[in-house]
Amino acid sequence: MKARPVAGGLLAFLTAQRLLELRVARRNERWAREQGAAEYGQEHYPLFFVLHPAWMLCTYLEGRNGRRVNVPALLLFLLAQPLRYWVIRTLGRYWNTRILIVPGGQRVTGGPFRYLRHPNYAVVALELAAAPLAVGAWRTALAFTLLNAALLLGIRIPAEERALAHYRAGQGEP
């Protein structure tokens, strides 16, 4: 199977998925703010808001190269989707795209959080590598995997850990 139509399908799927998830995230963010949530790391938020659409576009553009589909990478991407929704379902109202600490809340430790401290980031890292590799876009996979890792390890996860310390301290408040 040629990568060109799959690249278009991936772009359509990812666009629809991310837009629907943004609706859920915005609803959950409104709920959290109504509960008095404090936001952390808002200064780095635009970096991720640029990273993901750029990754999707580059995957599509580089993936239109006429190569064949890498079936194992495509399957890996598809297998990541249930994991993604396991994280979202486990977090429930607490899931959104920002770092919000709800007063009186507790850190979620069930579901995939039993196995990883930040399972959503692991799933996203898997997606950022697997989707481009599925359509032969290895440059996109490499560049965005490295960019994502730098942002996650250098900025996002440390900011989230500082915020989550309020839950560990039993305060639930900043």
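Predicted model: local features only at pLDDT ≥ 70, side-chain atom pairs only at ≥ 80, totals over all residues.

Biologist: How much space lies in the largest pocket?

Modeller: About 950 Å³.

Biologist: And which residues lie nearest its centre?

Modeller: W95, N96, T97, N120 and R156, out of a lining of 39 residues.

Biologist: Which helices and strands each supply at least two residues of that lining?

Modeller: Helix 1 (3-34), helix 2 (45-63), helix 3 (71-91), helix 4 (119-134) and helix 5 (138-168) do. Strand 2 (99-101) does too.

Biologist: Switching to packing. At what angle do helix 1 and helix 3 pack?

Modeller: About 0 degrees, and their axes are 14 Å apart. That angle is under 35 degrees, so helix 1 counts as roughly parallel to helix 3.

Biologist: Which residues make the contact?

Modeller: From helix 1, L10, F13, L14, Q17, R18 and E21. Helix 3 brings F77, Q81, R84, Y85 and I88. By class, that contact has six nonpolar, two polar and three charged residues.

Biologist: New topic: R33. Where does R33 lie?

Modeller: In helix 1.

Biologist: Is R33 buried, partly exposed or exposed?

Modeller: Partly exposed, because its relative accessible area is 35%, between the 20% and 50% cut-offs.

Biologist: What is R33 in contact with, leaving aside neighbours within four places in sequence?

Modeller: E39, R98 and L100.

Biologist: And what separates the C-alpha atoms of R33 and G8?

Modeller: 37 Å, with the two residues 25 apart along the chain.

Terms used
Residues numbered from 1 in each chain as written. Heavy atoms only, no water. 1 Å grid on protein atoms, 1.4 Å probe; cavity = no way out; pocket = protein on both sides within 12 Å on 5 of 7 lines; lining within 4 Å. Points joined across faces, edges and corners; volume = space filled by probe spheres on them. Helix = DSSP H or I, 4+ residues; strand = E, 2+ residues; numbered from the N terminus. Axes fitted to C-alpha atoms, helices over the stretch in contact; angles between N-to-C directions. Parallel < 35°, antiparallel > 145°, perpendicular 65-115°, else oblique. Contact = heavy atoms within 4.5 Å. Nonpolar A, V, L, I, M, F, W, Y, C, P; charged D, E, K, R; others polar. Buried < 20%, exposed > 50% of the residue type's maximum accessible area, 1.4 Å probe, protein only.
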